[in-house]
Amino acid sequence: MTLDDVPGIKPFLRLYVAPPIVGKARPRMNRRGSVYTPQKTKRFEDRVSQLALFALQAENRLGPTSLPVIVFGTVVHPLPKRYKTPPSRGWVAKGGHHYPDLDNVIKACLDGLNGVAYLDDSQVSGLRWTRVYAIEEEQPGIYLELFTVE
């Protein structure tokens, strides 16, 4: 059973975010005491926002949804060079390869979608995220699927 089979849950948006994959960095404080988001994080969130906006326009959607949203995400990392043979899909990308923490990648993506795909992040009622290695011809990056709950 997939979400497509569940009554009241409708596909809303599919999105691919090409590398580099950036996690949400801690807020920084300048000398005057103002708190700001680091530039690298801000650029990534802006890129996710732009991609979501283009995807919504391509599907003739007028704006963000006001319905509850379920977000599925798959972060696909390139296979480390030390692996000589491609793994099966069951291999989960492990730490130690200088990849950002998965929870920080989730936060950065959700912040980028906020106000574009949905009005407010309080609408996100479900998440399912995985991190895997790319196999065969699969492109590294972030694959997002958003569903609305009616």
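**Figure 1. Contacts and fold of the predicted protein chain.** Among contacts between residues at least 6 apart in sequence, 83% join residues at least 24 apart. The model is predicted. The protein chain contains 2 helices and 6 strands. Read from the N terminus, its elements follow the order β-β-β-α-β-α-β-β.

**Figure 2. Surface and burial of the protein chain.** The chain has 150 residues, of which 38% count as buried. Its accessible surface comes to about 9300 Å². Carbon and sulfur atoms account for 54% of that surface.

**Figure 3. The aromatic pair of Tyr16 and Tyr143.** The count of aromatic pairs comes to 2. One of them is formed by Tyr16 and Tyr143, with 4.8 Å centre to centre and 45° between the planes. Tyr16 belongs to strand E1 (residues 9–17) and Tyr143 to strand E6 (residues 141–149). The two residues are 127 residues apart, and their pair links distant parts of the chain.

**Figure 4. Accessibility of Tyr16 and Tyr143.** Tyr16 has a relative accessibility of 32%, and Tyr143 has a relative accessible area of 30%. Tyr16 therefore counts as partly exposed, and Tyr143 is partly exposed as well, because this class lies between the limits of 20% for buried and 50% for exposed.

**Figure 5. Arg128 and the ring of Phe72.** The charged end of Arg128 sits over the ring of Phe72. The distance from this charged end to the ring centre is 4.1 Å.

Technical notes: Residues numbered from 1 in each chain as written. Predicted model: local features only at pLDDT ≥ 70, side-chain atom pairs only at ≥ 80, totals over all residues. Heavy atoms only, no water. Phe/Tyr/Trp six-rings, centres within 6.5 Å; stacked < 30°, edge-to-face > 60°. Helix = DSSP H or I, 4+ residues; strand = E, 2+ residues; numbered from the N terminus. Buried < 20%, exposed > 50% of the residue type's maximum accessible area, 1.4 Å probe, protein only. Lys NZ or Arg CZ within 6 Å of the ring centre and 35° of its normal. Contact = heavy atoms within 4.5 Å. Areas by Shrake-Rupley, 256 points an atom, 1.4 Å probe, with all protein chains shown as cover.
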